[in-house]
Amino acid sequence: MAIHENLVSAREAARILNVTPTRIAFLCRQGRFENAEKIGSGWIIPLEAVMTHKRLSPGAKPRGYKDKEYLMQIKAEASSFKEDVSHD
């Protein structure tokens, strides 16, 4: 049930987008829903903002993914270097 015909709660937005209310609150804090308002401990979101919300593409990697990959590569190189030095 909509709070107002043009507004929905975080729980209703979560049902529409098939995500958790916690995810909706996170997106609201990031400003991903235009004109979303925090009321007490909940969020009120314009229905239009929910309906036009753009998700990340299925192949999108989370932030920091490349950094982690690079860090793993550096660690592998360092480990290899340590082995080479210890054999000399």
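Histidine 53 touches Leu17, Leu27, Arg32 and Phe33, leaving out residues up to four places away in sequence; touching, or contact, means heavy atoms within 4.5 Å. Histidine 53 sits in the loop between H3 and helix H4 (65-87). Buried or exposed, then, at 16% relative accessibility? Histidine 53 counts as buried, because its relative accessibility is 16% and the cut-offs are under 20% for buried, over 50% for exposed and partly exposed in between (1.4 Å probe, protein chains only).

This is a predicted model, in which local features need pLDDT of at least 70 and side-chain atom pairs count only at pLDDT 80 or more, while totals for chains, interfaces and linings use all residues. Residues are numbered from 1 along each chain as its sequence is written, and side-chain values use heavy atoms, with hydrogens and water left out.

**The overall layout**

- The protein has four helices and three strands; these are DSSP runs numbered from the N terminus, with helices (H or I) of at least four residues and strands (E) of at least two.
- Of the 88 residues in the protein, 23% are buried.
- The protein exposes about 7,400 Å², and carbon and sulfur atoms supply 55% of that; the areas come from the Shrake-Rupley method with a 1.4 Å probe, and for residues only the protein chains shown count as cover.
- Among contacts with a separation of 6 or more, 45% are between residues 24 or more positions apart.

**The sheet**

- Three strands make an open sheet in the order E1-E3-E2, with antiparallel pairing.
- E1 and E2 are the edge strands, each pairing on one side only; two strands pair if DSSP finds at least two bridges between them.
- On average, neighbouring strands of this sheet are turned by 35° against each other, direction ignored.
- H1 packs on the sheet, where H1 touches E1 and E3, and its direction makes about 90° with that of E1; axes are lines fitted to C-alpha atoms (for helices, over the stretch in contact), and angles run from 0 to 180 degrees between N-to-C directions.
- Strand E1 (residues 7-9) pairs with E3 over three bridges, in the antiparallel sense, and serine 9 stands opposite isoleucine 44 there.
- Strand E2 (residues 37-39) is also joined to E3 by three bridges, running antiparallel; lysine 38 stands opposite tryptophan 43, and isoleucine 39 has glycine 42 as its bridge partner.
- E2 and E3 form a hairpin with two residues between them, and glycine 40 in the turn has a positive phi of about 65°.
- Strand E3 (residues 42-46) is mostly covered, with four of its five residues buried.
- Glycine 42, in that strand, counts as partly exposed because its relative accessibility is 27%.

**The nonpolar core**

- The largest nonpolar core has 15 residues, and Ile24, Cys28, Phe33, Trp43, Ile45 and Val50 have the most contacts inside it.
- Helix H1 (10-17), helix H2 (21-29), E3 and helix H3 (47-51) each give two or more residues to this core.
- A core here is a set of buried Ala, Val, Leu, Ile, Met, Phe, Trp, Tyr and Cys residues joined through side-chain atoms within 4.5 Å.
- Leaving aside neighbours within four places in sequence, tryptophan 43 contacts Val8, Ser9, Ala10, Ala25, Cys28, Arg29, Ala36, Glu37 and Lys38.

**Helix H2**

- Which residues of H2 are buried? They are Ile24, Ala25, Leu27 and Cys28.
- Seen down the axis of H2, these buried residues fall within an arc of 160°, so they line one face of the helix; the arc is that of the directions from the helix axis to the C-beta atoms.
- Thr22 and Arg29 are exposed on the other side of H2.
- H1 and E3 are among what covers the buried residues of H2.
- Just after H2, glycine 31 takes a positive phi of about 80°.

**Alanine 10**

- Alanine 10 is in helix H1 and counts as buried, because its relative accessibility is 13%.
- Its contacts, aside from neighbours within four places in sequence, are Pro21, Ile24, Trp43 and Ile45.
- Alanine 10 and isoleucine 45 are 35 residues apart along the chain, and their C-alpha atoms are separated by 7.0 Å.
- Glycine 42 and alanine 10 are 32 residues apart in sequence and 6.9 Å apart in space, C-alpha to C-alpha.
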